[in-house]
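Open the model in your viewer and keep the selection tool at hand. The stops below follow one another, each with something to select.

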Amino acid sequence: MPEAKNNEFSVVHITYDGRVSKTFRGTNALQRFTNEERVLRYLEARGCTFVPRVLAADAENLKLVTTNCGGRVERISEDRLRQLFFSLEQYGVRHDDPFLRNVTYRESDGRFCIIDFEFATILEDEGKQKPVTEQKLNS
């Protein structure tokens with residue numbers, strides 16, 4: 001399997017049948033794995049078509065297998081980049097890492113896609129969480 005990414009946070013391989021296999025490692029690996037799976041399933045339930053779909057999730061090995069959303073993007077205008085990440089918020093998710101490295105291009109339908117959701121936030125969850133200072137005061 002060709003390696004697409006290998007850093008302190010994850011190793012990503014593209015399988016021969018086109019799936020993406022991501023193994024989480026490093027700081028907060030379990031939390032990041034859990035968040036990415038949860039966010040992707042949330043987006044799928046809402047019909048978002050420009051993000052990967054979860055095909056398999058192995059919490060014991062911190063491995064997530066998803067559909068492939070195309071190839072890396074080398075350039076995109078700042079305006080188009082902002083629009084793309086804003087369109088994700090229409091599905092109730094803020095990416096929290098809105099950079100070119102998290103954008104791919106899917107030739108099959110000519111669509112820019114967003115990947116890498118380990119730091120993303122489901123917006124409806126924000127109102128349910130107490131601010132950190134309030135949590136400390138009530139402890």
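Predicted model: local features only at pLDDT ≥ 70, side-chain atom pairs only at ≥ 80, totals over all residues.

How many nonpolar, polar and charged residues does the lining of the largest pocket have? The lining has 11 nonpolar, 8 polar and 8 charged residues.

**The largest pocket**

Select Lys5, Val12, Arg101, Ile115 and Asp116. Of the 27 residues that line the largest pocket, these lie closest to its centre. The volume of the pocket is about 610 Å³. Next, colour the elements that each give at least two residues to the lining: the strands β1 (3-6), β2 (10-14), β3 (20-24), β5 (63-66) and β6 (71-72), together with the helix α1 (29-45).

**Asp116**

Stay with Asp116, one of the residues closest to the pocket centre. Asp116 sits in the loop that joins β9 (111-114) to β10 (121-122). Its relative accessibility is 15%, so Asp116 counts as buried. Check the backbone here: Asp116 is not a glycine, yet its phi is positive, about 65°. Most residues other than glycine have a negative phi.

**Asn28 and the way into α1**

Move to Asn28, in the loop between β3 and α1. Asn28 is another non-glycine residue with a positive phi, here about 55°. Is Asn28 buried, partly exposed or exposed? With 48% relative accessibility, Asn28 counts as partly exposed.

**Helix α1**

Now select residues 29-45, which form α1. The helix has 17 residues, and the distance from its first C-alpha to its last is 24 Å, close to the 24 Å expected at 1.5 Å a residue. Show the side chains of its buried residues: Ala29, Arg32, Phe33, Asn35, Glu36, Glu37, Val39, Leu40, Tyr42 and Leu43. Charged residues are among them, including Arg32, Glu36 and Glu37. After α1 comes Gly47, with a positive phi near 80°.

**The cysteines**

A disulfide is a covalent bond between the sulfur atoms of two cysteines. How many disulfides are there? The count is 0 with a cut-off of 2.5 Å between the sulfur atoms. For Cys48, the closest cysteine sulfur is that of Cys113, 8.7 Å away, which is too far for a bond. Cys69 is in no disulfide either; the nearest cysteine sulfur to it also belongs to Cys113, at 4.3 Å. Cys48 counts as buried, with 0% relative accessibility. Cys69 counts as buried too, at 3%.

**Helix α2**

Go on to residues 78-89, the helix α2. This helix has 12 residues and spans 17 Å from first C-alpha to last, close to the 16 Å expected at 1.5 Å a residue. Where do its buried residues fall, seen down the axis of α2? Turn the view to look along the axis and select Leu81, Leu84, Phe85 and Leu88, the buried residues of α2. They fall within an arc of 85°, so they line one face of the helix. On the other side, select Arg82 and Phe86, which are exposed.

**The whole chain**

Finally, zoom out and colour by secondary structure. The protein chain has 4 helices and 10 strands. Traced from the N terminus, its elements run β-β-β-α-β-β-β-α-β-β-β-β-α-α. The chain has 139 residues, of which 39% count as buried.

Conventions: Residues numbered from 1 in each chain as written. Heavy atoms only, no water. Buried < 20%, exposed > 50% of the residue type's maximum accessible area, 1.4 Å probe, protein only. 1 Å grid on protein atoms, 1.4 Å probe; cavity = no way out; pocket = protein on both sides within 12 Å on 5 of 7 lines; lining within 4 Å. Points joined across faces, edges and corners; volume = space filled by probe spheres on them. Expected span 1.5 Å × (residues − 1). Arc of directions from axis to C-beta.
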